[in-house]
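Reader: I would like a close look at a single part of this model. Please keep it plain.

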Amino acid sequence: MLLLVCLCFLAVSCDCNRDAGKEQKQDAGPGQGILRTARIVFSSGNVRVKKSGSMEWLPARRDMELSIDDKVRTLRDSFANIEFESGGLLRVGPESLVVVTDLRLEPVDQARRYTFTLMEGKVEAELSALEKGASEFKIRTSSAETSLLHREVAFQ
Amino acid sequence: MKGFVTTISLAALATLVVPAWGQVREPPAASAVSKLPAKIKISKDQTLEEIAEKFFGDPSAAVEIRALNSIADGEQPDSGAEIRLPGQERDRVLTALRVATQALAQANADGASEFAPKDYKSAADSLDRAKKALSRAAYAECRRLADETWALARQARKASLAKRPKKNRFEVSVDRKGDTRVAVLSGDGVKVSAGKKSKTVKQGHAVRVEAGQAPSDSYPLLDPPTRLLPAKGSILVTAAIYFNWKPVAGATRYVILIAGDPHGQQAIRQMTTENTSLLFKSSLPDGQYYWFIRTVDPRGLVGRASPARKFILRASRGNGSNIKQPAHEDAGHGD
């Protein structure tokens with residue numbers, strides 16, 4: 001009987017964990033839009049890319065595609081530029097580590113949701129104004145989240 | 001002090017004037033120009049190109065000498081013939097033409113050919129007419145057209161900057177302690193959230209977030225330094241590149257970036273110093289580069305970048321002699 005109660009408890013807690021996972025996933029976004037890719041358009045020095053699910057750090061090359069959970073590392077005196085859709089650019093400075101956290105396009109309203117996580121180092125983002133209301137562009141670090149503000153429309 | 005003197009002389013060695021239309025040429029010294037004869041006699045087998053090289057350091061000035069003396073294209077005067085030479089006004093006209101060409105290039109770099117095409121074309125046409133006037137030795141007309149080109153190019157640049165979409169640019173950095181710095185260089189600004197609190201950061205401002213804390217109040221970024229050396233368009237003929245700038249109040253460090261393009265997208269080397277000069281022992285291959293400088297404030301925030309400064313590295317060909325320092329760019333036309 002005790003064993004049965006324990007098994008039931010385990011089953012419930014597993015479900016709870018699964019739900020919690022779903023919530024996290026919903027927050028992160030997968031499944032809510034079309035997954036997009038970014039690409040490396042420039043690299044100088046020693047730049048490495050670790051594809052999601054792989055253990056290997058590959059040398060970065062031009063036009064290399066990046067998807068969610070891919071990582072880009074730059075070593076000393078090294079730089080990389082990551083281009084994403086709509087002409088935006090993320091310049092990764094020397095001795096930095098960046099994770100592609102979210103790259104999605106909402107099929108209904110065409111809103112773009114991009115998030116990069118900066119584990120260490122420095123990045124500079126350059127992109128046009130966020131046009132669609134639901135679009136967002138974020139850079140996360142261990143201590144803060146930076147979101148680009150939407151352009152204010154002035155009526156004259 | 002001794003080191004300072006050494007580096008200054010190295011800087012003087014490392015730079016050379018680049019004429020506006022691309023060729024590497026050294027202008028004659030001011031004293032040489034002031035001693036120009038108004039007329040000379042052609043000696044035996046002497047060509048106009050040789051005369052142009054001798055007096056103006058530029059064989060292509062023979063075109064102007066022909067125009068001044070009504071000599072047909074490609075023909076040479078007989079030995080013993082007396083010919084007129086361009087006067088001192090030529091030097092001033094060349095300076096005006098160089099400044100106009102730079103203004104047009106700047107307008108182009110700021111998207112004028114795309115976003116203000118009519119204004120840009122007017123300026124480009126005016127420059128063409130100025131160059132034609134120069135080849136006719138019509139110096140007064142050339143100078144007027146060069147000044148007109150400069151004004152039109154500035155107008156085209158201004159129109160382009162007003163029309164072209166304003167890009168958002170912001171920087172995020174995180175150090176080993178986990179402190180984050182966010183600086184907004186241009187555009188609509190950002191919201192920085194941490195510890196359940198948010199701060200809006202507008203263009204030209206920055207915040208710092210210590211690990212586990214709320215964002216600090218935003219504060220203005222420092223301006224980039226001015227009076228920069230090497231000046232725009234310098235040709236550097238030694239592998240040691242001397243950078244120098246005017247100090248900025250409140251700056252604790254300076255960051256220099258060398259890139260392969262005027263937008264800084266193809267970054268090649270980044271260096272940091274606490275001084276207002278830096279001697280970079282370059283291992284870069286010969287070629288064309290751009291450099292930018294930014295300040296770092298006591299909080300570690302990096303300010304806006306200076307406009308791109310082009311330099312051409314010719315270390316493998318240079319012998320370190322016979323070099324002139326171009327006029328300081330900040331002394332000329334500015335914004």
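In which hand of crossing does H5(B) pass H8(B)?

Author: The model is predicted, with local features needing pLDDT of at least 70 and side-chain atom pairs counting only at pLDDT 80 or more, while totals for chains, interfaces and linings use all residues. Residues are numbered from 1 along each chain as its sequence is written, and chains are lettered from A and ligands numbered from 1 in the order in which they are written.

The crossing of H5(B) and H8(B) is left-handed, a term used if the near helix is turned anticlockwise from the far one by less than a right angle. Helices here are DSSP runs of H or I with at least four residues, numbered from the N terminus. H5 covers residues 89-109 of chain B and H8 covers residues 139-163 of chain B; their axes come within 8 Å and cross at roughly 20°. Axes are lines fitted to C-alpha atoms, for helices over the stretch in contact, and angles run from 0 to 180 degrees between N-to-C directions. The crossing angle therefore makes H5(B) roughly parallel to H8(B), the word for angles under 35 degrees.

Residues are in contact if their C-beta atoms, placed from the backbone, lie within 7 Å. On the H5(B) side the residues that meet H8(B) include Val93(B), Ala96(B), Leu97(B), Ala100(B) and Leu104(B). Among those they meet in H8(B) are Cys142(B), Ala146(B), Trp150(B), Ala153(B) and Arg157(B). By class, this contact of H5(B) with H8(B) has 14 nonpolar, three polar and seven charged residues. Ala, Val, Leu, Ile, Met, Phe, Trp, Tyr, Cys and Pro count as nonpolar, Asp, Glu, Lys and Arg as charged, and the others, Gly among them, as polar.

Notes:
Helices (H or I, at least four residues) and strands (E, at least two) are DSSP runs, numbered from the N terminus. Angles under 35 degrees count as roughly parallel, over 145 as roughly antiparallel, 65 to 115 as roughly perpendicular and the rest as oblique. Two residues are in contact if their C-beta atoms, placed from the backbone, lie within 7 Å.
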